[in-house]
Amino acid sequence: MGQVRQSRRVQAYDGELGAAVTRAQDGDEAAFAVAYRIVQPGLLGYLHGLVGDDAEDVASDAWLEIARDLGRFQGDGAGFRGWTATIARHRALDHLRRQRVRPRAGGTEQDVLDLAGPHSTHEQALESLSTERALELVRGLPRDQAEAVLLRVVVGLDGPAAARVLGKRPGAVRTAAHRGLKRLARQLGLDGAADEGVTDGASRTLGESK
């Protein structure tokens, strides 16, 4: 299934997730398991894009912290996804520091901000990939682009939420996601369509708040 559809599916569970988190904060272990089942696939995909085969171990560390600090969380289902992504990112960065893996510098290509055309090249690119193949390609992107794409498409966060996780301005995250997705489109041989620019529909597909 394409990553865009995955993002929509994740967001559709936000109401159920919020209710489960509330019950879990009251000590309902079954509700915590529900929250875990909803959040874990996207979180694991995000971590796989950051640390590769060590994603399961990093996710386990993140969930220990999530369970420990659950009582401090305040917010709805979407907020919980952002909160857990922040914790997972911190654990991933700790892991990379321990492994002495240095983040790659961002790309130098021009920012992609043009809005034109009715079809999303980015959606075409992502829909044509299996989840495993998509994550491998995303891992090859410059670090800022990879994280923006993973948070927006795999975890399903909107622009402001992804920006909070990364500690950046929403516009910077939006630009990084556009640049990364255009690069993926090139790798998939969609160069002609990619040259037409990023559509407004692509932003909404990725969960961009308007």
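Q: I would like to start at the beginning of helix 9. Which residue caps the N-terminal end of this helix?
A: That residue is Asp-158. To read a cap, look for a side-chain atom lying by a backbone atom at the helix end; here, a side-chain oxygen of Asp-158 lies 2.9 Å from the backbone nitrogen of Ala-161. Keep in mind that this is a predicted model, and the distance is computed from its atoms.

Q: And what follows helix 9 at its other end?
A: Gly-167 comes after helix 9. The feature to read here is the backbone angle phi, which is positive for Gly-167, near 70 degrees.

Q: Which residues make up the contact between helix 8 and helix 10?
A: Read it one side at a time. Helix 8 brings Asp-144, Gln-145, Ala-148, Val-149 and Arg-152. They meet Val-173, Arg-174, Ala-176, Ala-177, Arg-179, Gly-180, Leu-181 and Arg-183 of helix 10. Sorted by class, this contact has six nonpolar, two polar and five charged residues.

Q: What about Gly-171: where is it, and how accessible is it?
A: Gly-171 is found in helix 10. With a relative accessible area of 38%, Gly-171 is partly exposed, because that class lies between the cut-offs of 20% and 50%. Sequence and space can also be read side by side: Gly-171 and Gly-159 are 12 residues apart in sequence, and their C-alpha atoms are 8.1 Å apart in space.

Q: Could we read a buried residue in the same way? Where is Phe-80?
A: Phe-80 sits in helix 5, residues 77-98. Its relative accessibility is 1%, so Phe-80 counts as buried. Next, look at its contacts beyond four places in sequence: Phe-80 touches Leu-17, Val-21, Ala-35, Val-39, Ile-66, Leu-70 and Phe-73. Take Val-39 as an example: Phe-80 and Val-39 are 41 residues apart in sequence, with 8.7 Å from C-alpha to C-alpha.

Q: Phe-73 is among those contacts. Where does Phe-73 lie?
A: Phe-73 lies in the loop between helix 4 (55-69) and helix 5. Beyond its neighbours within four places in sequence, Phe-73 is in contact with Val-21, Gln-25, Gly-79, Phe-80 and Trp-83. Of these, Gln-25 is 48 residues away from Phe-73 along the chain, and the C-alpha atoms are separated by 8.7 Å.

Q: Which residues does Ala-24 touch?
A: Leaving out residues up to four places away, Ala-24 touches Ala-31, Phe-32 and Leu-70. Ala-24 belongs to helix 2, residues 14-25, and counts as buried at 11% relative accessibility.

Q: How many helices and strands does the whole protein have?
A: There are 12 helices and zero strands. To see how much of a chain is covered, look at the share of buried residues: of the 210 residues here, 50% count as buried. For contacts, look at sequence separation: among contacts with a separation of 6 or more, 75% come from residues 24 or more positions apart.

Conventions: Residues are numbered from 1 along each chain as its sequence is written. This is a predicted model: local features need pLDDT of at least 70, side-chain atom pairs count only at pLDDT 80 or more; totals for chains, interfaces and linings use all residues. Side-chain values use heavy atoms; hydrogens and water are left out. Contact means heavy atoms within 4.5 Å. Helices (H or I, at least four residues) and strands (E, at least two) are DSSP runs, numbered from the N terminus. Ala, Val, Leu, Ile, Met, Phe, Trp, Tyr, Cys and Pro count as nonpolar, Asp, Glu, Lys and Arg as charged, and the others, Gly among them, as polar. Buried means under 20% relative accessible area, exposed over 50%, partly exposed in between (1.4 Å probe, protein chains only). A polar contact is a pair of N or O atoms within 3.5 Å; within protein, one must be able to donate a hydrogen and the other to accept it, and residues adjacent in sequence count only if both atoms are side-chain atoms.
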